[in-house]
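Hi,

Here is the structure I promised to pass on to you.

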Amino acid sequence: MNNFQQYRHISAPGWSLGWTWAKKEVIWQVVGGQTTEQGDCSKFKGNIPHCCKRKPTVVDLLPGTPYNQQIANCCRGGVLSSWAQDPTNAVSAFQVSVGSAGTNNKSVKLPLNFTLQAPGPGYTCGQAKIVTPTKFTTPDKRRVTQALMTWNVTCTYSQFLAQKTPTCCVSLSSFYNDTIVPCPTCSCGCQGKSAQSGSCVDPRAPHLASVVKGAGNSSITPLVQCTSHMCPIRVHWHIKLNYKEYWRVKVTITNFNYRMNYSDWNLVVQHPNFDNLTQLFSFNYKSINPYGSITYVAVLSMANCGGEPKFCDTGRHVAPSYQNDTAMLWGVKFYNDFLMQAGPIGNVQSELLFRKDDSFMFDKGWGFPRRIYFNGDNCVMPPPDAYPWLPNSGSKHQVSYLTLMMASLVVLVLHAYC
């Protein structure tokens with residue numbers, strides 16, 4: 001299993017992969033994984049298969065599994081890193097020994113109806129497609145063998161299938177305005193009539209510890225702190241300081257989910273000034289350019305080239321340069337890559353230092369991000385007209401009558417003196 005997603009990983013309790021056998025196949029042995037159920041193997045005497053179910057489900061083994069039960073890239077508890085964050089841990093593998101399937105590529109039938117839980121819904125898998133047989137090179141690199149048959153299955157993710165409501169929201173503030181723009185109300189759902197309804201928990205309630213403990217930390221359904229936004233995760237973007245040639249931002253990620261510790265979390269931010277990110281404190285950083293770089297484009301047209309009409313290269317035009325406006329941020333290993341569940345220490349934060357360029361300004365909310373993703377999920381942004389405005393913006397800060405009167409008096413006094 002290869003996770004080619006740039007910034008979406010599979011967190012604990014990990015993936016589970018299922019399919020339907022095309023015939024009456026059984027699994028005799030699994031290395032690097034195990035099936036969740038054995039099924040009815042009563043027709044076998046003596047050697048009992050590992051799994052006799054027609055629709056098996058395989059999960060990864062946990063770290064610390066004995067070496068004789070492991071293969072390469074197994075035994076991480078089903079956790080897969082995102083490709084941009086850690087490509088070496090974005091691969092998982094297990095090996096199954098299948099019976100009653102045939103011994104050649106004509107008798108083997110492709111499994112059907114692949115499903116991937118990671119750990120909840122969201123992934124939709126296509127049909128298995130036969131590809132070029134995988135080749136294996138011997139350790140001395142002098143001989144190559146190949147598999148009887150190789151097939152690929154591609155699974156795609158949809159946030160709308162994964163959950164009915166968003167999972168994160170964004171709040172904003174700045175040094176030049178006292179207004180703190182909160183997450184939009186009901187960003188991830190609305191509070192029930194009572195904190196006892198199970199939708200949220202009041203952190204000041206005396207029964208908090210018993211409710212959180214009784215809820216079951218293994219459940220993937222969030223148990224969040226009661227807030228106006230009801231989101232498990234809130235990302236706060238604060239424009240902190242303005243220097244002559246630089247400006248500074250503070251980013252804080254707060255976990256309001258009592259059931260989840262987010263390990264290997266990541267944040268993707270879109271802002272036009274990431275081309276000029278100078279320094280980052282206590283977070284890792286990687287630029288994500290979705291378009292790549294294109295320098296020149298050859299233009300072919302019908303013209304009289306060399307005396308006869310034909311298609312020829314009439315010139316090379318510089319293609320528009322795509323700005324680096326997307327950055328991926330994640331925690332430092334063994335320091336802040338583990339976002340604790342709701343509570344006093346359920347947050348991580350960092351500061352970003354940007355160098356000013358010709359497009360720099362604080363007007364019209366330019367200093368705030370265009371879009372933010374947490375663990376690959378799109379976060380709810382405040383409406384643009386709610387962003388903190390500069391003090392000299394007449395739309396939000398009207399000059400008082402007292403100020404106008406004082407200014408008029410000063411002008412009159414100066415005029416009379418002159």
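Before the details, one term: contact here means heavy atoms within 4.5 Å. With that in hand, Ser-228 is in contact with Thr-185, Cys-186 and Gln-191, once neighbours within four places in sequence are left aside.

A word on where the values come from. This is a predicted model, so local features need pLDDT of at least 70 and side-chain atom pairs count only at pLDDT 80 or more, while totals for chains, interfaces and linings use all residues. Residues are numbered from 1 along each chain as its sequence is written, and side-chain values use heavy atoms, with hydrogens and water left out.

**The chain overall**

The protein chain has three helices and 29 strands; helices (H or I, at least four residues) and strands (E, at least two) are DSSP runs, numbered from the N terminus. Of its 418 residues, 39% are buried. On that scale, buried is under 20% relative accessible area, exposed is over 50%, and partly exposed is in between (1.4 Å probe, protein chains only). The accessible surface of the chain is about 24600 Å², and carbon and sulfur atoms account for 55% of it; these areas come from the Shrake-Rupley method with a 1.4 Å probe, and for residues only the protein chains shown count as cover. Among contacts between residues at least 6 apart in sequence, 70% join residues at least 24 apart.

Not counting residues up to four places away in sequence, Arg-54 touches Trp-19, Thr-20, Trp-21, Ala-22 and Lys-23. From Arg-54 to Trp-19 the C-alpha distance is 8.3 Å, for a separation of 35 residues in sequence.

**Thr-150**

Thr-150 belongs to strand β11 (residues 150–152) and is buried because its relative accessible area is 13%. Leaving aside neighbours within four places in sequence, Thr-150 contacts Lys-129, Ile-130, Val-131, Thr-132, Pro-133 and Thr-134.

The largest pocket has a volume of about 1600 Å³. Of the 38 residues lining it, Met-1, Leu-17, Phe-94, Trp-151 and Asn-152 are the closest to its centre. For the terms: on a 1 Å grid over the protein atoms alone, a pocket is an open set of points where a 1.4 Å probe fits, with protein on both sides within 12 Å along at least five of seven lines, and lining residues have an atom within 4 Å of a point. Grid points are joined across faces, edges and corners, and a volume is the space filled by probe spheres set on the points.

Strand β11 returns here: β1 (16–20), β5 (95–99), β6 (112–117), β11 and β12 (155–157) each give at least two residues to the lining of the largest pocket. By class, this lining has 24 nonpolar, twelve polar and two charged residues. Ala, Val, Leu, Ile, Met, Phe, Trp, Tyr, Cys and Pro count as nonpolar, Asp, Glu, Lys and Arg as charged, and the others, Gly among them, as polar.

The second largest pocket has a volume of about 880 Å³. Its lining has 32 residues, with Gln-163, Thr-167, Ile-220, Pro-222 and Asp-377 nearest its centre. They divide into 19 nonpolar, eleven polar and two charged.

**Backbone points to check**

The peptide bond from Ala-12 to Pro-13 is cis, with omega near 5 degrees, and Pro-13 is in the segment before β1. Another cis bond joins Ala-118 and Pro-119, with omega about -15 degrees; Pro-119 lies in the loop between β6 and β7 (123–125).

Ser-100 is not a glycine, yet has a positive phi of about 60 degrees. Ser-100 is in the loop between β5 and β6 and is exposed, at 53% relative accessible area.

Best wishes
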